[in-house]
Amino acid sequence: MIQPLPPSRPGQVIGLLGGSFDPPHAGHVHISREALRRFGLDRVWWLVSPGNPLKRHGPSPLPERMAAARALVDHPRIEVTDVEARLGTRHTSATLAALAAICPGRRFVWLMGADNLAQFHRWQDWRTIMERVPVGVLARPGQRISARLSPAARIYAQAHIKGRASHLLGRAEAPAWCFVNVPMIDISSSALRAGKVEK
């Protein structure tokens, strides 16, 4: 069953963490908490996607992933939503456009790990995403250098906010992006699916 959007009000700064969450794990919660603290966010919404266009194999059924995500989240300002299934959007740029239309007055920040920044230029309409909302990048183990040298980081070098001013990102005008190094939990959904680590 598709759920409504989490509650919000005009003026709030909402971080958006997209992904398949297959399965959700403690690392997702960790970077969400860090994003709240480091980027000046009021809330973080997990956008549990119907499927990732960049992955060949589909994820587990959406209701299972939604239930697992809700069972895992233990923070009052982190919400789980299947808004992309509700809206019928498959790409981040379309999701952001739809959210801007149905949630006027909210300020959205797209959140990603450093590994995603490294290949961000392969996303559909990635420049549109950069021009529409600020982007908060949280470093994950082994991905710092490739992310900083990525095409997106180079092309938008002038829009970079220093890590020491990361709290300003939520109120910045796009294009704006900030890269922060945080103590990370080195865990991945793919490793969990393969049974290599415990949740």
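Which residues do ring pairs link into a cluster? In this predicted model, the cluster consists of Trp 110, Phe 120, Trp 123, Trp 126 and Tyr 156. Six aromatic pairs are found in a search of the whole structure.

One further pair involves Phe 21 and Trp 46, whose ring centres are 4.8 Å apart with planes at 15°, so the two rings are stacked. Because Phe 21 belongs to the loop between strand 1 (13-19) and helix 1 (26-38), while Trp 46 belongs to strand 2 (residues 43-48), the pair ties together parts that are 25 residues apart in sequence. Both Phe 21 and Trp 46 are buried.

The largest nonpolar core has 29 residues, and the members touching the most others are Leu 16, Trp 110, Leu 117, Phe 120 and Trp 177. When neighbours within four places in sequence are left aside, Phe 120 contacts Met 112, Trp 126, Ile 129, Met 130 and Ala 152. A second, separate core contains 28 residues, including Met 66, Val 73, Leu 169 and Cys 178.

Helix 2 (residues 62-72) has a buried side and an exposed side, as tabulated below.

| Residues of helix 2 | Exposure |
|---|---|
| Pro 63, Glu 64, Ala 71 | exposed |

An α-helix has 3.6 residues a turn, so residues three or four places apart point the same way. The elements that cover the buried residues of helix 2 include strand 2, strand 3 (78-81) and helix 3 (83-87).

Conventions: Residues are numbered from 1 along each chain as its sequence is written. This is a predicted model: local features need pLDDT of at least 70, side-chain atom pairs count only at pLDDT 80 or more; totals for chains, interfaces and linings use all residues. Side-chain values use heavy atoms; hydrogens and water are left out. A nonpolar core is a set of buried Ala, Val, Leu, Ile, Met, Phe, Trp, Tyr and Cys residues joined through side-chain atoms within 4.5 Å. Buried means under 20% relative accessible area, exposed over 50%, partly exposed in between (1.4 Å probe, protein chains only). Contact means heavy atoms within 4.5 Å. Rings of Phe, Tyr and Trp (its six-membered ring) pair if their centres lie within 6.5 Å; planes under 30 degrees apart count as stacked, over 60 as edge-to-face and the rest as tilted. Helices (H or I, at least four residues) and strands (E, at least two) are DSSP runs, numbered from the N terminus.
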